[in-house]
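Keep the structure open as you read.

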Amino acid sequence: MARIAYVDGRYVPLGARAVRIEDRGYQFADGVYEVVKVVGGRFRDLDRHLDRLERSLAALDMPMPMPRRALGLVLHETWRRNAVPDALVYLQVNRGAGPRNHAYPPLLKPSVVVTVRPARFPTRAEQEHGVGVITLPDERWAQCHIKSISLLPNVLAKQQAALAGCREAWLVDEAGLVTEGSSSNAWIVDADGRVVTRPLDRRILGGVTRAVVLDLARANGIEVALRPFSVEEAHGAREAFLTSTSSLVLPVVAIDGRPVANGRPGSTTCRLAELYARAEELESVS
Ligand code: PDD
């Protein structure tokens with residue numbers, strides 16, 4: 001079935017020439033985005049995604065392109081027209097189109113694009129066996145808490161991970177501390193059995209999955225420590241995992257080619273993955 005996109009008020013075939021050449025997203029990466037999942041026909045954590053969208057827009061001095069409720073309706077309608085029960089819905093809001101000039105004119109009309117694709121969540125084998133990550137210097141800008149479409153360093157890091165046969169690249173700051181993955185948040189379980197992830201700062205994106213997993217851990221008596229961890233600590237950790245809307249809670253069993261503990265997904269990770277799957281009503285996929 002032909003895929004349908006929403007572009008500035010119209011529903012068009014995905015391949016349509018619908019984006020304006022002088023759109024600032026295209027010319028300057030002057031825009032923000034969200035990726036929301038739909039499982040069994042229901043949007044998951046939509047409010048948290050829209051909260052983050054509002055924060056990203058505000059940080060870039062951009063207005064909401066339409067009232068929040070209307071945006072929710074556009075997301076639903078685009079999803080409905082694509083008839084994919086389990087989907088990833090991509091929303092991009094750019095500052096708008098205008099004569100190319102670095103400084104932006106006031107009162108530009110934001111441009112909005114929504115696309116839908118079938119979700120490809122981790123397979124049962126990936127969940128059971130875990131995945132590998134590599135570590136790389138974090139070469140991104142200083143405001144990674146904004147979900148900006150300017151993703152070139154993330155793209156290059158992910159490509160290096162793929163070339164190394166790994167799922168993800170964990171990015172490392174000047175102090176040797178892991179910030180996050182190129183498109184996911186990074187976690188370990190430390191020697192005291194605590195679940196550790198970096199506290200929110202400008203070096204990481206506040207993942208929606210991260211927030212849900214933190215809530216679940218706390219509600220289920222799993223001790224959490226919000227602190228940065230080093231690459232060395234990760235190499236020696238009891239367990240490691242990553243989280244994102246599309247990767248869910250995914251065990252990390254090797255870092256830079258070295259096994260994490262015995263090289264098998266850890267028990268706390270599996271428990272969190274289970275709690276998350278139950279909370280989001282995810283079926284395990286084979
Ligand atoms: N990526 N950190 C970065 C840099 C990300 O790009 C993402 C999400 C996350 C996890 O956020 P969340 O749990 O809200 O998905 C962390 C999305 C899925 C993407 O770029 O496709």
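1. Start with Thr-209. An N or O atom in its side chain is 2.6 Å from an oxygen atom of the ligand. Keep in mind that this is a predicted model.

2. Tyr-33 has a polar side-chain atom 2.7 Å from an oxygen atom of the ligand. For Arg-52, a polar side-chain atom lies 2.8 Å from a ligand oxygen atom.

3. How much of the ligand does the protein cover? On its own, the ligand has 470 Å² of accessible area, and the protein covers 89% of that.

4. Now look at the shell. There are 18 residues around the ligand. Tyr-33, Glu-180, Val-208, Thr-209 and Thr-245 come nearest. By class, the shell has 4 nonpolar, 10 polar and 4 charged residues.

5. Where does the ligand sit? It sits in the largest pocket.

6. Next, the pocket itself. The largest pocket holds about 1200 Å³ of space. Its lining has 50 residues, and Tyr-33, Lys-147, Leu-151, Ser-182 and Ser-183 lie nearest the centre.

7. Which element gives the most to the pocket lining? That is α5, with 4 residues. The elements that give two or more include α1 (24-28), β5 (87-94), β6 (111-118) and β13 (239-244). The lining divides into 17 nonpolar, 18 polar and 15 charged residues.

8. Turn to the cavities. The structure holds 2 of 30 Å³ or more. The largest cavity has a volume of about 40 Å³. Among its lining residues are Arg-238, Glu-239, Pro-251 and Gly-266. β13 and β14 (248-255) each supply at least two lining residues, and β14 gives the most, with 3. By class, the lining has 6 nonpolar, 1 polar and 3 charged residues.

9. The second largest cavity contains about 30 Å³ of space. It is lined by Lys-37, Arg-44, Asp-45, His-49, Val-208, Thr-209, Thr-245 and Tyr-276. Their classes are 2 nonpolar, 3 polar and 3 charged.

Methods: Residues numbered from 1 in each chain as written. Predicted model: local features only at pLDDT ≥ 70, side-chain atom pairs only at ≥ 80, totals over all residues. Heavy atoms only, no water. Near = heavy atom within 4 Å. Polar contact = N/O pair within 3.5 Å; in protein donor to acceptor, adjacent residues only side chain to side chain. Areas by Shrake-Rupley, 256 points an atom, 1.4 Å probe, with all protein chains shown as cover. 1 Å grid on protein atoms, 1.4 Å probe; cavity = no way out; pocket = protein on both sides within 12 Å on 5 of 7 lines; lining within 4 Å. Sits in = over half its atoms within 2 Å of the grid points. Nonpolar A, V, L, I, M, F, W, Y, C, P; charged D, E, K, R; others polar. Points joined across faces, edges and corners; volume = space filled by probe spheres on them.
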